[in-house]
Amino acid sequence: MARVYNFSAGPSMLPESVLNRAAEEMLDYNGTGQSVLEMSHRSKAYEPIIYGALDLFRQVLNVPENYKIIFCQGGASTAFAAIPLNFMNGSRQADYVLSGQFSTKAYKEAQKYGDVTAVASSKEQNFSCIPELDKSKFNPNADYFYICQNNTIYGTRFTELPDTGNVPLIADVSSCFLSEPMDVSKYGVVYGGAQKNVAPAGLTVVIVREDLLGHERPETPALLNYKLLSDNDSMYNTPPCYSIYMCKLVLEWIQSIGGLEALKARNEKKASILYDFIDSSNMFHNPVKKSDRSMMNVTFVTDSDELNAKFVSEAAAAGFVNLKGHRSVGGMRASIYNAMPVEGVEKLVEFMKEFEKNN
Ligand SMILES: *Cc1c(COP(=O)(O)O)cnc(C)c1O
């Protein structure tokens, strides 16, 4: 069967050239006569893969020297607990912005560990926008200030970071990692599950300012202790070896197409093709506040649930799959991560135009 255009929110598309390369190397990686899937993480053959991936991540994202990059497991959801365990260690207070389901889950998890405040929430607006932030409500004694930078389910994103003064900003960037350049020095910690934009599932990438490490709570499990993981070069125990290898291939692909600046231009182009059409359509609309629209997850609806369902099923039959919105919001969502080619979005828009004409 021909490959489809996969608009899944995650796990999601990977660049075709990366998949081809992985296929070519599947049975014999670099003349070792082994697959990466079979290799010891402590072998001479594997070493350049993990160190290469860590180095490339630093290069591609321009991560400053005083930040550690950690490859671990457990997904973003495990970090919801690891973050308070590692960083809620002074006043044991933290501020959270509730801009969707994932930040709400992170907030609830953190409540187990200390005095956590929701400084703003857009729940009343069905998370269709980033909530207004009132700086006077920020707790200057908080151990950290937490946001989810791109809200995968609702299709919103922070376009401006909150000014948290000396309080370290911690951001879940699962669904916008490596989609554009970012100034890592503005954050204390950025982290994300890899399965949206970076690699297959199984790998979580955590980038931490060095001085924040080593103050974890005594009860922190070893495998959630970021200092311990970092000191062991992300190999305290067996890392997600194959996902790390795929991550390296994805980073090489990003470099080959001109790095994050080039990727940003491509991602902006894809998003504007889709949003421009939705804005001009009489059938489809985007339920999100315009200034907060995500570049990665584009949500849209028609006025009827029936028509939404018909659209999703006819689109799938035409080779545009996984367009159904998250079960908690309904409607449609096109996740147009890095690996989605411009052509995929152009063809989707042609299909939407046809559908509108015929219905
Ligand atoms: C997908 C996602 C998560 C959950 O990730 P898991 O790896 O499944 O734990 C958390 N935050 C955001 C922003 C996501 O997109």
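Contact here means heavy atoms within 4.5 Å. The structure shown in every view is a predicted model.

**Figure 1. Packing of helix H7 against helix H9.** Helix H7 spans residues 259-280 and helix H9 spans residues 342-358. Their axes lie 9 Å apart and meet at an angle of about 5°. Because angles under 35 degrees count as roughly parallel, H7 is described as roughly parallel to H9. On the H7 side, the contact is formed by Arg266, Lys269, Lys270, Ile273, Leu274, Phe277 and Ile278. Helix H9 contributes Val342, Val345, Glu346, Leu348, Val349, Met352, Lys353 and Glu356. By class, nine of the residues in this contact are nonpolar and six are charged, with no polar residues.

**Figure 2. Packing of helix H6 against helix H7.** Two packed helices are described by the angle between their axes and the distance between the axes. For helix H6 (residues 241-256) and H7, the angle is about 80° and the axes are 7 Å apart. Since angles of 65 to 115 degrees count as roughly perpendicular, H6 is roughly perpendicular to H7. Trp253, Ile254 and Gln255 of H6 touch Gly259, Leu260, Leu263 and Arg266 of H7. Four residues of this contact are nonpolar, two are polar and one is charged.

Figure 3. The protein is divided into domain 1, residues 17-256, and domain 2, residues 259-358. A distance of 27 Å separates the C-alpha centres of domain 1 and domain 2. Domain 1 supplies 27 residues to the contact and domain 2 supplies 26 residues.

**Figure 4. The largest pocket.** The largest pocket holds about 340 Å³ of space. Its lining consists of 21 residues, and those nearest the centre are Gln149, Phe158, Thr159, Glu180 and Tyr187. Eleven residues of this lining are nonpolar, five are polar and five are charged. Both domain 1 and domain 2 take part, each giving at least three residues to the lining of the largest pocket.

**Figure 5. The second largest pocket.** The volume of the second largest pocket is about 290 Å³. It is lined by 15 residues, and Ile130, Pro131, Leu133, Phe158 and Glu160 are the closest to its centre. The lining of the second largest pocket comprises seven nonpolar, two polar and six charged residues. Phe158 is listed both here and among the residues nearest the centre of the largest pocket.

**Figure 6. The cavity.** One cavity of 30 Å³ or more is present in the structure. The largest cavity contains about 60 Å³ of space. Met13, Leu14, Pro15, Lys196, Asn197, Val198, Val250, Trp253, Asn338 and Ala339 line the largest cavity. Seven of these lining residues are nonpolar, two are polar and one is charged.

**Figure 7. Two features of the backbone.** Most residues other than glycine have a negative phi, and most peptide bonds are trans. Gly10 and Pro11, however, are joined by a cis peptide bond, with omega of about -10°. Pro11 is located in the loop between strand S1 (5-6) and helix H1 (16-24). Arg92, a residue other than glycine, has a positive phi near 60°. The loop between helix H3 (75-87) and strand S3 (93-98) contains Arg92.

Conventions:
Residues numbered from 1 in each chain as written. Predicted model: local features only at pLDDT ≥ 70, side-chain atom pairs only at ≥ 80, totals over all residues. Heavy atoms only, no water. 1 Å grid on protein atoms, 1.4 Å probe; cavity = no way out; pocket = protein on both sides within 12 Å on 5 of 7 lines; lining within 4 Å. Points joined across faces, edges and corners; volume = space filled by probe spheres on them. Nonpolar A, V, L, I, M, F, W, Y, C, P; charged D, E, K, R; others polar. Domains from an automatic or database assignment. Axes fitted to C-alpha atoms, helices over the stretch in contact; angles between N-to-C directions. Helix = DSSP H or I, 4+ residues; strand = E, 2+ residues; numbered from the N terminus. Parallel < 35°, antiparallel > 145°, perpendicular 65-115°, else oblique.
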